[in-house]
Amino acid sequence: MNPIVVLGVGAALVAAVAVLALVRPVLSDRMAWPALGAAVGTAVIVIAVGRLLGVASLEFLIGISALALPVLLLLEAAAVASGADAFARWLLMLSWGVVVFPVSALLPLLLTAGCLAPDCGFEDFGAALPLLVSSSAFVLLAWLPSGVHERAQLDRPSNRRAVIAGAVLWASTAVWLVHLEGAIDEFTVRILISAIVGPAAGAVGWLLVDVLRNTRRTTGRSLMLGLVAGMVVILPGAVSVGLPWSPVVGVMGGGVAALVYPARGSGSGGLAARWGIAILAAAGIGFLAPAISGDTVGVIFTARAAVLFVPLLAFFGVAGFSVAVSAPVWVLVRRHAARERIPAQIVVDE
């Protein structure tokens, strides 16, 4: 196997370990078997169908399938936090892993495969559309069962394990992103710079918003949250959105995510749903960034607003499809939790 593919898969596995460390307080003593099982099914379907349709290279399909595992771990934590039992967790993981993710990854590529004009395609170097847009939309309906409220504990000292896990996630995501290029070439340094500068700028953007809003979060916690938003926003345009635009996009992504993510839960909106809104907002900015400021293809360079049509259609199409698939599943989860009186996991806000 190509050593670069091995490097990318290894980086994705390291990212999964980092995510597992971050969500361990939510999962508690539960094993993440649904996420692991769904990850296998996801990889088999995406790689087999993708190669059958010829929409992408084998290396790319393996790469994005590998990073689906950390996303599934986050989704399982969201399921647990929303009161899902073992059966519901399996149902949620399989719904996203074998339905939403493959369709979101392959259908947009299939529909735009024969188009060479910039007006009828979109750029998504880091596969943010299937990995981030679909997964964040998938948890928008992850409301808490009736009568259950979260206990948000804000302004806690930074946990050393969380800080280390966040740094490992940042580094492993950067390596994974670089490997998608498939070779060490003139774009490698550019991708690496974007993978470093974008998340750092996202951390600054989130912190600025928290300072202006006078939230009760510590500086370290705001920076960690913004770092995650920055990692999200930089994935689609890691190649085409270079300096000086990459830090601008990072600050915007972190700031907008902080704006839409409330400091406290309200009503039945749980932590998973609030994170879904924040990540979806950051992913939207990142997904549109190549169409606006991308080299040679963006609106700034081409003066053609038509290049925004397909990215917007792809973004809202995938988000809408994910919500539609998740809706009946979340309804079943809430009804089962209410019938069995299964309490939602009490989670710590960030």
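**Reading a helical model**

Tutor: Val 249 lies in helix 9. The model is a predicted one, in which local features need pLDDT of at least 70 and side-chain atom pairs count only at pLDDT 80 or more, while totals for chains, interfaces and linings use all residues. Residues are numbered from 1 along each chain as its sequence is written, and side-chain values use heavy atoms, with hydrogens and water left out.

Student: How is a helix defined here, and how many helices and strands are there in the protein?

Tutor: Helices (H or I, at least four residues) and strands (E, at least two) are DSSP runs, numbered from the N terminus. The protein has twelve helices and zero strands. Its pattern along the sequence is therefore written α-α-α-α-α-α-α-α-α-α-α-α.

Student: Is Val 249 buried or exposed?

Tutor: Buried means under 20% relative accessible area, exposed over 50%, and partly exposed in between (1.4 Å probe, protein chains only). Val 249 has a relative accessible area of 7%, so the residue is buried. Across the protein, buried residues make up 50% of the 350 residues.

Student: Which residues are in contact with Val 249, leaving aside its neighbours within four places in sequence?

Tutor: Contact means heavy atoms within 4.5 Å. With neighbours within four places set aside, Val 249 is in contact with Val 233, Val 241, Ile 285 and Ala 289. For the protein as a whole, of the contacts with a separation of 6 or more, 81% join residues 24 or more positions apart.

Student: Where is Ala 165, and what is in contact with Ala 165 beyond its neighbours within four places in sequence?

Tutor: Ala 165 is placed in helix 6 (residues 160-179), and is buried because its relative accessible area is 6%. Leaving aside neighbours within four places in sequence, Ala 165 is in contact with Ala 18, Ala 21 and Leu 22. Ala 165 and Ala 21 are 144 residues apart in sequence, and their C-alpha atoms are 6.4 Å apart in space.

Student: How does one check the length of a helix, for instance helix 2?

Tutor: The expected span of a helix is 1.5 Å times one less than its number of residues. Helix 2 has 21 residues and should span 30 Å; its end C-alpha atoms are 30 Å apart, so the two values agree. Helix 9, with 16 residues, reaches 22 Å from its first C-alpha to its last, close to the 22 Å expected.

Student: Which residues of helix 2 are buried, and which are exposed?

Tutor: The buried residues of helix 2 are Pro 34, Ala 35, Ala 38, Ala 39, Thr 42, Val 46 and Gly 50. Seen down the axis of helix 2, these buried residues fall within an arc of 125° (taken from the directions from the helix axis to the C-beta atoms), so they line one face of the helix. On the other side of helix 2, Trp 33, Val 40, Val 44 and Leu 52 are exposed. Helix 3 (58-81) and helix 4 are included in what covers the buried residues of helix 2. Helix 2 is followed by Gly 54, whose phi is positive, near 70°.

Student: Which residues other than glycine have a positive phi, and where do they lie?

Tutor: Ala 127 is one of them, with a positive phi of about 55°. Ala 127 lies in the loop between helix 4 and helix 5 (128-138), and is buried, with a relative accessible area of 3%. Asn 214, in the loop between helix 7 (188-213) and helix 8, also has a positive phi, near 55°. Asn 214 counts as exposed, at 64% relative accessibility.

Student: What makes up the nonpolar surface patch?

Tutor: Patches are made of residues with over 30% relative accessible area and no salt bridge; like charges are joined within 9 Å, and nonpolar side chains (Val, Leu, Ile, Met, Phe, Trp, Tyr) within 5 Å. A salt bridge is a side-chain nitrogen of Lys or Arg within 4 Å of a carboxyl oxygen of Asp or Glu. Accessible areas come from the Shrake-Rupley method with a 1.4 Å probe, and for residues only the protein chains shown count as cover. Here, Val 49, Leu 52, Leu 53, Val 99, Val 103, Leu 107, Leu 110 and Leu 111 make a patch of about 680 Å². The largest share, five residues, comes from helix 4. Leu 53, found in helix 2, counts as partly exposed at 40% relative accessibility.
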